[in-house]
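Welcome, and please load the model in your viewer. We will go from stop to stop, selecting a few residues at each.

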Amino acid sequence: MTEAQKKEFKRFAEEEMDALKAEIPRLEELVKPVAPDNAIGRISRMDTIVNQSVAEAQLSKARVRLARLEEALKRVDEDEEFGLCLDCGEPIPMARLKAMPETAYCVDCAE
């Protein structure tokens, strides 16, 4: 991986991490339980519960994505092999690294 590609990946990862760090607190607010003494109807309560479970899934995915980006960002500088497939040694396309920063294999070898 060239220095320019490393720089591009770092910039992408940092921007993505900043967006996730802004999104996570918003999602945490959405998953807070609704107090039973709130005067909302049965249908509204059910709708709120469904929305909370969707927000919980999004929150979980955001936290996992953030952790993977943080780990990949560390590996960019520490690992000289970062961006190269562990099987064939060919460069992993930047689009794949952006979609799956934890990947260590090119598309062909991953299949």
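Start by selecting Glu80: this residue is exposed, because its relative accessibility is 72%, above the 50% cut-off. Keep in mind as you look around that this is a predicted model. Glu80 sits in the loop that joins helix 2 (42-78) to helix 3 (94-99).

Next, go inside. Select Phe9, Leu69 and Phe82, the residues that touch the most other members of the largest nonpolar core, which has 22 residues. Helix 1 (3-30), helix 2 and helix 3 each contribute at least two residues to this core. Helix 2 gives the largest share, with eight residues.

Now for the salt bridges, of which the whole structure has eight.

- Select Glu3 and Lys6, whose side chains form a salt bridge at 3.9 Å, N to O. Both belong to helix 1 and are three residues apart, about one turn of the helix. Glu3 is exposed at 60% relative accessible area, whereas Lys6 is buried at 13%.
- Move to Glu29 and Lys32, where the closest N and O atoms of the salt bridge are 2.9 Å apart. Glu29 is partly exposed at 49%, and Lys32 is partly exposed at 46%.
- Finish with Arg68 and Glu102, a salt bridge with its closest N and O atoms 3.5 Å apart. Arg68 is in helix 2 and Glu102 in the loop between helix 3 and helix 4 (107-110), so this pair ties together parts 34 residues apart in sequence.

Terms used:
Residues numbered from 1 in each chain as written. Predicted model: local features only at pLDDT ≥ 70, side-chain atom pairs only at ≥ 80, totals over all residues. Heavy atoms only, no water. Helix = DSSP H or I, 4+ residues; strand = E, 2+ residues; numbered from the N terminus. Buried < 20%, exposed > 50% of the residue type's maximum accessible area, 1.4 Å probe, protein only. Core = buried A, V, L, I, M, F, W, Y, C linked by side-chain atoms within 4.5 Å. Salt bridge = Lys/Arg side-chain N within 4 Å of Asp/Glu carboxyl O.
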